[in-house]
Structures are given as structure tokens and as C-alpha cells.
Amino acid sequence: MDRNLFMQSTNFEFIRPHNEALANLAGYAEKLLYIDPGSSLTRLRSFAETMTKAIHKLERLPFIPQASFYDLMRAPSFVAVVDKSLIHQIDYIRIQGNNAAHGAEGDARTAHLVLGTAHQLAMYMSIRYYGVQKSDIPAFKDIQDDREELKNLKESLSEYKNALNTKAEEVDELLETLDKERAKLKVVESSKAEQQAAKQQSHATADSLQWDRKSTR
């Protein structure tokens, strides 16, 4: 990924060496958390969608042309290879992001909760697919409210937010390009046996993170 799109995050640097797009999207969400919680939630929705697409690719699932986020999340092939609790986590972020995108007034408390869920998803990806040990992943840290500090800068909060959103849009454009490139690839799809094994590994990863119905909303 173009290094010009780099956005340092507080909680997601552990996944950057393996999936820079996820680290950048989460970094934008952190920066916007208090300035514009609604935009933070829509960034986190993009994070969850990008992660879902990454799993589709890693698991060699059938490509679904023009699929929506919901289509990808509920695709039978996707359901066949991931633990149900993972889908609950993803759907929670999707719904909160949709609400913000369709006019609901986002609040920092909700955005912070969703950010914590995104951190859980990043942990899942790192353990399940990237060979990272759970013990090597830093605990989630609360994001500091730096609005007062930003007021002392030459640029206004509005200018700062607009700059962040512009960078985030550039990441979105790059992700769209990657989607188009994937559509052109010929992938040998995973077998039923491979999908069953993937389901078991997904369950083991979710279990290691101690996910249950309460913690997965």
C-alpha cells in the first residue's frame, strides 16, 4: 500500500505488517472518535467490510460480483468457514456504521465500544491468519480526547477532520481498486473438507478470545 496513506493508530499497529489497510482504517476511526463519532463509526464499518473481504480471499471462497457487505457476511460459503460469534461481531459493527451513515447521530461512547470490537476482530485476524500469538498483542487502550489540544493548533477542528476524511477516502479508492483486481483473478476455490477444517480453526480462535453471546452483542 502507498505509504502516503499511512495513519498511525493507538491500538492496531500489531496488524499493520500483515494488513496495512485494516491498520489505517482503524487509525482514522481513532482520530475521528471525539471529533466526529459518526464518521468514526462509518470508518469502522469499512474496517469490518475490508476484513470480511480479506477472509473471503484468504479462504478462497467463491467470488460474488457486486456483493454488498451484507451479502459477503451472509454468503453460505462464508458462514461455512467462520465461527458464528465472528459474524455477530462483524454484524454489530456493520449495523452501527450503517446507522451513522444514514443520519443517526453518533456518540463517542458508542464509537468507543465499536472500536473495541474492531480491536477484537483485528486480534482474531492476527491469530487466525497471520501467525501472531495472543500474548504478543497489546491490550486495548482508551483513546484520549485531544479536542482541546487541537484547538490550540493553527488548523481548526473542521480542517483537521476534513484532512482525515480525505485520506480515508483515498484508502477507500485503493480498496475499490483491489476489489476490481481480485474480480479478474482466477482462484482455485477451497474444498468442502478445507472449509470444515477452517470452521474448526475459526471456532478455536474465537474460543481463545473467550467470545460468547454476551460479549458478541
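Trainee: How is a salt bridge to be read, and what are the side chains of Asp91 and Arg94 doing?

Mentor: A salt bridge is a side-chain nitrogen of Lys or Arg within 4 Å of a carboxyl oxygen of Asp or Glu. Here the side chains of Asp91 and Arg94 form one, with an N to O distance of 2.7 Å. This is a predicted model, in which local features need pLDDT of at least 70 and side-chain atom pairs pLDDT 80 or more, while totals for chains, interfaces and linings use all residues. Residues are numbered from 1 along each chain as its sequence is written, and side-chain values use heavy atoms, with hydrogens and water left out.

Trainee: In which helix do Asp91 and Arg94 lie, and how many residues apart are they?

Mentor: Helices are DSSP runs (H or I, at least four residues), numbered from the N terminus. Asp91 and Arg94 lie in helix α5 (residues 84-101), three residues apart, so about one helical turn separates them.

Trainee: Are Asp91 and Arg94 buried or exposed?

Mentor: Buried means under 20% relative accessible area, exposed over 50%, and partly exposed in between (1.4 Å probe, protein chains only). Both Asp91 and Arg94 are buried.

Trainee: How many salt bridges does a search of the whole structure find?

Mentor: The search finds eight. Among them, Arg45 and Glu49 meet at 3.1 Å, N to O. These two residues are four apart in helix α2 (residues 37-58), which again means about one helical turn. Glu49 is buried, at 17% relative accessibility.

Trainee: Which residues are linked in a network of salt bridges?

Mentor: Glu13, Arg16 and Glu20 are linked in this way. Arg16 counts as buried at 10% relative accessibility, whereas Glu13 is partly exposed at 23%.

Trainee: At what angle do the axes of helix α6 and helix α9 cross?

Mentor: Axes are lines fitted to C-alpha atoms, for helices over the stretch in contact, and angles run from 0 to 180 degrees between N-to-C directions. Those of α6 (residues 108-129) and α9 (residues 192-208) come within 10 Å and cross at roughly 130°. The helices are therefore oblique to each other, the class left once angles under 35 degrees (roughly parallel), over 145 (roughly antiparallel) and 65 to 115 (roughly perpendicular) are set aside.

Trainee: Which residues make the contact?

Mentor: Contact means heavy atoms within 4.5 Å. Helix α6 contributes Tyr124, Ile127 and Arg128, and α9 contributes Ala198, Gln201, Ser202, Thr205 and Ala206.
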